[in-house]
Amino acid sequence: MTHDVVYRLAAGDPRNAVGAFAVLAAQATGLLAALVWLPRRWAMLLLGLAGVSILVNHGYSGLVSELMGAGTLAWMAAEARQAGNAAGAFGGAFMLAGVQAAAAVALFAGARHLLLRSGRLPAGRTFAWAGAALFLLPGLLIRPLDRWPEGAERNLYGLTWELASAAPPPAREAVTLVPDTGDAPRHIVWLVDESVAAAPFARLIAPSLRGVAHRDFGVAAALGHCSAPAQVALRSGVDVRHVGRDSDLRATPSIWGYAKRAGYRTILIDGQTAGAPQNLLLPPERALIDDFRSMAGGIDTDRRIARTLNAQMKSPGKSFALVVLRGVHFQYRDHYPEGTIPADAPVARQYDTALAWSKRSFFDTLLAGVDREAVAIVYTSDHGQNLAPGALPHCSQAPVADEFRVPLVVFVPDRLAARYAAAPGGGRSASQIFPATLGWMGYDRAAVAARYDRDLDAPTARYVWFGRSVIPVREGGEIAVSAGRAFPGTAADVPPVD
């Protein structure tokens, strides 16, 4: 109502405001008719379903200040296993959403009670069928007639139907480039941490790498300010010069396709969740992964992963491993032993403590005894963190630059490190990890740079970042993507690309 009626009136668009109000009124009339004329048990079920939909809508919009759509619902499903963290950090907002949903259901129930008590309404089986029809008809016509908006009491189910009835994801494109693998590292590892911001990393973790051969590129731009979009884009590779709203990252060869073409065994390690892969990793992509391992298991997960990778990098054969570290997703107090700091410590101190514990001896464990001339490692984070008091740490509706600022560190053999020795710092993006890695695997660097982005020896050709709707949910659908010369989230940031 506020978004599609009040805002349109305020913008001087009364025609569309009236149209939107009429659509919402038709849906409300249908719901009321169904509540009054359906038998009590069916009316109570309908109230329950409406309450769930209202709760999800208010819970989402209350946190990020935007309406829910099919793309954001897909993102929510991809992030569902972080629900416990979100509930712990934003319990007050979710409680308010619950109160709002309960109040809405109570008003519906009250209206039903008063209308039935009046004794002025006709009843009978015919009217029960009429009530059901009046309730279902608006929902069935909204999509084919393209008449919006859809009410919060029902759109959860309409959007779920959109996702369930969407066409299956496309097959991944074949790799057409031919690598020269003679001088490629035997083992390549991508370490993608969770919610590690660039400035705290530089202050707390980077000093522990003194004396260790590496190249720190400083602050880099993440490919999204939410986990799933950033991870999808990183794995898929992004043509930063030509990406647009009609792009479909599900169709690219992906890092897995290039790795397999270059003779690497592909490995995915997830330190955050058990069960199926997360972050919108769909079946065509999953088919390219030889070994998927879930290693979630408490606050020492990342050090256990470091030991596993250390052994992997000492093994014979060739492997490419993408590792989703546990990191420090909010709520931060879940990532260090209870009692380490006072329970009421400021959020910034909780974050520092969590990050220091998470990466305590991590790199020492990872690199101990490894032949550094045989391995190449990238360390970065999926997104940054806004640690301002009261702010949503990441995935906000109007993201700030801190949500994109991530570390970018590489550990490569001397023959590869020479490429970056004289390269100036600054201007890097996570989009460059993909072409840099392909170059290490033996693919032609110029061809790769033309298809995706520059190697890490130069700044990015263009900053690109993706919103929650990172993949299209219907044929011909659009994605949420922005691009420009300015660092994402800055005042000079540009609107979404066409």
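**Close-ups of a predicted model**

View 1. F434 sits in helix α17, and helix α17 itself covers residues 433-441.

**View 2. Helices α11 and α17 side by side.** Here we have α11 (residues 254-261) and α17 (residues 433-441), whose axes come within 10 Å and cross at roughly 10°. That angle makes α11 roughly parallel to α17, because angles under 35 degrees count as such. On the α11 side, S254, I255, Y258 and A259 make the contact; α17 brings in F434, T437, L438 and M441. Sort the residues of this contact by type and you get six nonpolar, two polar and no charged.

**View 3. Y452 and its two ring partners.** The whole structure holds 15 aromatic pairs, and this view picks out two that share Y452. In one of them, Y258 and Y452 have ring centres 6.1 Å apart and planes at 80°, so this pair is edge-to-face. Y258 belongs to helix α11, while Y452 is in the loop between α18 (445-451) and β9 (463-466), so the pair ties together parts that are 194 residues apart in sequence. Are these two tyrosines buried or exposed? Y258 counts as buried at 1% relative accessibility, and Y452 counts as buried too, at 6%. The other partner of Y452 is F434, and that pair is tilted, with 4.8 Å from centre to centre and 50° between the planes. F434 lies in helix α17 and Y452 in the loop between α18 and β9, so here the parts tied together are 18 residues apart in sequence.

**View 4. A cluster of aromatic rings.** Which residues do ring pairs link into a cluster? They are F201, F362, F363, Y379 and F411.

**View 5. Helix α2 from end to end.** Helix α2 runs over residues 14-37, which gives it 24 residues. From first C-alpha to last, α2 reaches 34 Å, close to the 34 Å expected at 1.5 Å a residue. Its buried residues include the alanines A17, A20, A33 and A34, along with G19 and G30.

Definitions and conventions. Residues are numbered from 1 along each chain as its sequence is written. This is a predicted model: local features need pLDDT of at least 70, side-chain atom pairs count only at pLDDT 80 or more; totals for chains, interfaces and linings use all residues. Side-chain values use heavy atoms; hydrogens and water are left out. Axes are lines fitted to C-alpha atoms, for helices over the stretch in contact, and angles run from 0 to 180 degrees between N-to-C directions. Helices (H or I, at least four residues) and strands (E, at least two) are DSSP runs, numbered from the N terminus. Angles under 35 degrees count as roughly parallel, over 145 as roughly antiparallel, 65 to 115 as roughly perpendicular and the rest as oblique. Contact means heavy atoms within 4.5 Å. Ala, Val, Leu, Ile, Met, Phe, Trp, Tyr, Cys and Pro count as nonpolar, Asp, Glu, Lys and Arg as charged, and the others, Gly among them, as polar. The expected span of a helix is 1.5 Å times one less than its number of residues. Buried means under 20% relative accessible area, exposed over 50%, partly exposed in between (1.4 Å probe, protein chains only). Rings of Phe, Tyr and Trp (its six-membered ring) pair if their centres lie within 6.5 Å; planes under 30 degrees apart count as stacked, over 60 as edge-to-face and the rest as tilted.
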